Amino acid sequence: MTRKAIDTIVPYLDGANVDLKAWSEDYYATHCQAHLKPVLDSIRHLKASGVWLEVTTLVVPGENDASDQLAGIAGFIAEVDAEIPWHISRFHPDYRFTDAQPTPMETLYQAKTIAEREGLRYVYIGNAPADNHTYCPECGRKAVERGGMGLSALSIQDGNCTACGARIPGIWV
């Protein structure tokens, strides 16, 4: 989105999820007919505008799954705000892209490890069976329990962990 588009919609927007597809200008040029920098600028501007922001990356084997790619994405997100959730999604061959294999679970766990090493506090593996609960960063208790595609239990009140009172960032309605 352009800065003008973001500024126009911000008064009506509580949250946004931005796809950060890769940490490579070549990837964006080849696969998206676009550029990386405007995506990075949009992420920065959405965050600076006070919008709750989450980032998603579909990890495609042989395309954007190299450790340096994943570290670049994670490092950028952490630089903007280490509390931005990063959703690392598993690729499944479908539609027009059927000649690649599904993302190995090992790659997704490696991405999560890299993200945590870069300082991200909320990293989730998507499109695959994984522990995607949210844990309180202070006491370690489960603050958000997810089951399937929904919420099973919420141990947050007024944005704080009910066990220890620590702030858990997000939009809690």
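This is a predicted model: local features need pLDDT of at least 70, side-chain atom pairs count only at pLDDT 80 or more; totals for chains, interfaces and linings use all residues.
I started with the contacts of Glu 83: skipping neighbours within four places in sequence, I find Trp 52, Arg 121, Tyr 122, Arg 167 and Pro 169 touching Glu 83.

Where does Glu 83 sit? I traced Glu 83 to the loop between α4 (67–81) and β3 (86–90). Buried or exposed? I get 15% relative accessibility for Glu 83, so it counts as buried, the cut-off being under 20%.

Then I turned to the pockets. The largest one comes out at about 710 Å³. I count 32 lining residues there, and His 87, Tyr 124, Asn 132, Arg 146 and Gly 148 lie nearest the centre. Sorting the lining of the largest pocket by class, I get 18 nonpolar, eleven polar and three charged residues.

The second largest pocket has a volume of about 210 Å³. Its lining has 14 residues, with Lys 21, Tyr 27, His 31, Leu 58 and Val 60 closest to the centre. Here I see α2 (25–32) and β2 each supplying at least two lining residues. By class, I have seven nonpolar, four polar and three charged residues around the second largest pocket.

How values were computed
Residues are numbered from 1 along each chain as its sequence is written. Side-chain values use heavy atoms; hydrogens and water are left out. Helices (H or I, at least four residues) and strands (E, at least two) are DSSP runs, numbered from the N terminus. Buried means under 20% relative accessible area, exposed over 50%, partly exposed in between (1.4 Å probe, protein chains only). Contact means heavy atoms within 4.5 Å. On a 1 Å grid over the protein atoms alone, a cavity is a set of points where a 1.4 Å probe fits but cannot get out, and a pocket is an open set with protein on both sides within 12 Å along at least five of seven lines; lining residues have an atom within 4 Å of a point. Grid points are joined across faces, edges and corners, and a volume is the space filled by probe spheres set on the points. Ala, Val, Leu, Ile, Met, Phe, Trp, Tyr, Cys and Pro count as nonpolar, Asp, Glu, Lys and Arg as charged, and the others, Gly among them, as polar.
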